[in-house]
Amino acid sequence: MKKILFVFFAFMGIAFAADGMMSGVDLIKAYSAIGAVVGLGIAALGGAIGMGNTAAATISGIARNPGIGGKLTTTMFIAIALIEAQVIYTLVIALIVLYSNPLLAA
């Protein structure tokens with residue numbers, strides 16, 4: 001974890017390297033980009049963990065009772081779609097923050 005934080009802050013220093021002081025607008029854009037990337041990464045990690053747990057539970061259920069395999073598979077696909085929807089919502093919010101940033105009201 002310490003290595004990840006070190007690399008993150010090292011890249012943040014490179015991202016903010018400029019010839020002069022950054023203006024408020026540039027600072028908001030830079031922090032928005034970092035926030036969007038971190039938020040999307042956390043959402044993707046959570047979605048991947050949720051999908052893995054869903055698949056593992058479905059496989060376990062089918063192994064215990066093969067007769068209801070079709071119902072469990074259908075339920076699993078619905079659950080995976082709902083999990084993936086949360087990641088897509090985060091992607092949409094990240095794109096809004098990056099390209100039409102509400103913090104930069106002109």
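Tutor: In helix α3, the buried residues are Gly 69, Met 76, Val 87 and Ala 94. Buried means under 20% relative accessible area, exposed over 50%, and partly exposed in between (1.4 Å probe, protein chains only). Helices are DSSP runs of H or I with at least four residues, numbered from the N terminus. This is a predicted model: local features need pLDDT of at least 70, side-chain atom pairs count only at pLDDT 80 or more, and totals for chains, interfaces and linings use all residues. Residues are numbered from 1 along each chain as its sequence is written, and side-chain values use heavy atoms, with hydrogens and water left out.

Student: Against which helix do the buried residues of α3 pack?

Tutor: They pack against α2. Contact means heavy atoms within 4.5 Å. In α2, the buried residues include Ala 30, Ser 32, Ile 34 and Gly 61.

Student: Why does Ser 32 count as buried?

Tutor: Ser 32 counts as buried because its relative accessibility is 7%. Ser 32 lies in α2 (residues 24-64) and touches Val 97, Leu 98, Asn 101 and Leu 103, not counting residues up to four places away in sequence.

Student: How is the span of a helix judged?

Tutor: The expected span is 1.5 Å times one less than the number of residues. The 41 residues of α2 reach 59 Å from first C-alpha to last, close to the 60 Å expected.

Key
Helix = DSSP H or I, 4+ residues; strand = E, 2+ residues; numbered from the N terminus.
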